[in-house]
Amino acid sequence: MLRSAQWALDGRSKRATINDFRRTLRETATDMVKGAKELRALVKTNGRHPVTIIRRSAIGIEQEAALTAMRAPRLVVTSPPYPGVHVLYHRWQVDGRKEAPLPFMIANKLDGAGLSYYTMGDRKYPGLKTYFDNITGSMSSVAALADNDTVVVQMVAFSAPDWQLPRYLEAMEAAGLTELRLPILKDDRDGRLWRSVPGRRWYSAQRGTTPGSQEVVLFHRKTAVKLPSAISAAASDRAAR
């Protein structure tokens, strides 16, 4: 219901008709049931662990008993809030750009948090310190669950990539993650995978290409632990023998 209502009301330049809404609601419900059945069949066929869903902050997630009992993940995929980019996660923009708490009204729930709760920090805070503190904390917990074979994939955009991208990479390093570069992209732009953000708001598309309209895919792996020089030399000597 929420997905269909968002399609019909949020950020549209003109309202959807009731027939369009009913059609979308029917198609969305059908896709949801179909996807759930396919997931169940694949899990059963592969004989793997059942799907585990944990609803909580990522900070401190390495202490969850349900996760510590599992092996380290091979892949982590996430798209965190974009630093400095104004995105409404808890409001819909109705009749063009009027912000309204419709998702909570439809779900009959109270919205007890402000915008910064959903974006990891106020985009106007000096240096986005709150955001980078939160992203470091959350990714430190991810790194604690990972091992040397885990690959962390993130898709993120920046309002000012010239300084925010280097600062973001510093936060990943502080979290214990080192960036990986794809050899195939070594001669392309900055050696990273970029793309235009799909499904932009109609008024954003009118502004053309802006820094926040470009997303980058970042690849990280857990930083290798460096042994003290004496231990490293002893290990190398044993290997040589």
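Predicted model: local features only at pLDDT ≥ 70, side-chain atom pairs only at ≥ 80, totals over all residues.
A residue counts as buried here when its relative accessible area is under 20%. We start from Ser-141, which sits in α6 (residues 129-145), and end at the largest pocket, to whose lining α6 gives the most, with 7 residues.

**Ser-141**
- Ser-141 has a relative accessible area of 4%, and because the cut-off for buried is under 20%, this serine counts as buried.
- Leaving aside residues up to four places away in sequence, Ser-141 touches Ala-58, Ile-59, Gly-60, Ile-61 and Glu-62.

**Helix α6**
- The 17 residues of α6 reach 25 Å from the first C-alpha to the last, close to the 24 Å expected at 1.5 Å a residue.
- An α-helix has 3.6 residues a turn, so residues three or four places apart point the same way.

**The largest pocket**
- The largest pocket holds about 1,700 Å³ of space.
- Its lining has 39 residues, and the closest to the pocket centre are Ile-54, Ile-61, Leu-67, Val-76 and Val-77.
- Elements giving two or more residues to this lining are α2 (18-46), β1, α5 and α6.
- By type, the lining of the largest pocket divides into 25 nonpolar, 10 polar and 4 charged residues.

Conventions: Residues numbered from 1 in each chain as written. Heavy atoms only, no water. Helix = DSSP H or I, 4+ residues; strand = E, 2+ residues; numbered from the N terminus. Buried < 20%, exposed > 50% of the residue type's maximum accessible area, 1.4 Å probe, protein only. Contact = heavy atoms within 4.5 Å. Expected span 1.5 Å × (residues − 1). 1 Å grid on protein atoms, 1.4 Å probe; cavity = no way out; pocket = protein on both sides within 12 Å on 5 of 7 lines; lining within 4 Å. Points joined across faces, edges and corners; volume = space filled by probe spheres on them. Nonpolar A, V, L, I, M, F, W, Y, C, P; charged D, E, K, R; others polar.
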